[in-house]
Amino acid sequence: MTEPLDPTAVLADFIDRVAHFDPAPDAAPVAVLGVRTALGEGTFAVGDHVVRAMCRALASYRDPADHGTCSQCGSRRLDENLHCRECGQLHGILGEVIARHALRVAQEATVADPTATDPGKAAAMDAQTVDASTVDASTVGEPRP
Ligand SMILES: [Zn+2]
């Protein structure tokens with residue numbers, strides 16, 4: 001459930017907190033900001049200090065669902081486990097560990113039988129690499145028997 005917010009009250013609070021530190025509090029306002037929502041409305045004449053603070057605050061905002069960009073396909077749809085919902089690439093330390101583990105397994109399989117071309121085994125490895133939801137993170141990176 002999303003917590004209800006009153007944008008007018010939030011803006012008024014922001015201005016109050018920031019304007020307190022304005023080095024030129026007597027300077028004329030440089031902008032008039034207006035907010036109107038179902039909860040209320042407000043009009044605020046603000047100085048350069050507040051406008052700059054607001055711009056910096058907005059520019060530095062990061063959505064809680066923003067987990068970065070996929071290095072493989074460029075999608076911004078990474079879930080909280082850094083798993084790309086578009087191409088399946090797994091990012092972060094866990095993704096790197098899984099990728100190295102999959103590479104090591106593939107190399108060992110090739111060394112054991114260089115002529116082996118089992119499509120079922122290759123498909124299973126692809127599924128392990130792509131679908132992180134089936135990977136038991138507690139066993140990843142542990143030495144193999
Ligand atoms: Zn991707």
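A crossing of two helices is called left-handed if the near helix is turned anticlockwise from the far one by less than a right angle, and right-handed if clockwise. Helices (H or I, at least four residues) and strands (E, at least two) are DSSP runs, numbered from the N terminus. What you see is a predicted model, in which local features need pLDDT of at least 70, side-chain atom pairs count only at pLDDT 80 or more, and totals for chains, interfaces and linings use all residues. Residues are numbered from 1 along each chain as its sequence is written.

**The chain as a whole**

- The chain contains 4 helices and 2 strands, and read from the N terminus their order is α-β-β-α-α-α.
- A residue is buried if 20 or more other C-beta atoms lie within 10 Å of its own, exposed if 12 or fewer, and partly exposed in between, with C-beta atoms placed from the backbone.
- By that count, 8% of the 145 residues of the chain are buried.
- Two residues are in contact if their C-beta atoms, placed from the backbone, lie within 7 Å.
- Take the contacts between residues at least 6 apart in sequence: 42% of them join residues at least 24 apart.

**Where helix 1 meets helix 2**

- Axes are lines fitted to C-alpha atoms, for helices over the stretch in contact, and angles run from 0 to 180 degrees between N-to-C directions.
- Helix 1 (residues 7-19) and helix 2 (residues 48-60) have axes that come within 9 Å and cross at roughly 120°.
- That angle makes helix 1 oblique to helix 2, since angles under 35 degrees count as roughly parallel, over 145 as roughly antiparallel, 65 to 115 as roughly perpendicular and the rest as oblique.
- The crossing of helix 1 with helix 2 is right-handed.
- Helix 1 brings Phe 14, Ile 15, Val 18 and Ala 19 to the contact, while helix 2 brings His 49, Val 50, Ala 53 and Met 54.
- These residues divide into 7 nonpolar, 1 polar and no charged; here Ala, Val, Leu, Ile, Met, Phe, Trp, Tyr, Cys and Pro count as nonpolar, Asp, Glu, Lys and Arg as charged, and the others, Gly among them, as polar.

**The two strands**

- Two strands pair if DSSP finds at least two bridges between them.
- Strand 1 (residues 31-37) pairs with strand 2 (residues 40-46) in the antiparallel sense over 7 bridges.
- Together, strand 1 and strand 2 form a hairpin with 2 residues between them.
- Strand 1 is hardly covered, with 0 buried residues among its 7.

**Residues outside the helices and strands**

- Leu 5 sits in the segment before helix 1 and is exposed, with 10 other C-beta atoms within 10 Å.
- Leu 5 and Leu 39 are 34 residues apart along the chain, and their C-alpha atoms are separated by 8.8 Å.
- Leu 82 belongs to the loop between helix 2 and helix 3 (92-112), and although Leu 82 is not a glycine, it has a positive phi of about 60°.
- Leu 82 is partly exposed, with 17 other C-beta atoms within 10 Å.
- Arg 85 also lies in the loop between helix 2 and helix 3, and its 12 C-beta neighbours inside 10 Å make it count as exposed.
- Leaving aside neighbours within four places in sequence, Arg 85 is in contact with Arg 77 and Asp 79.
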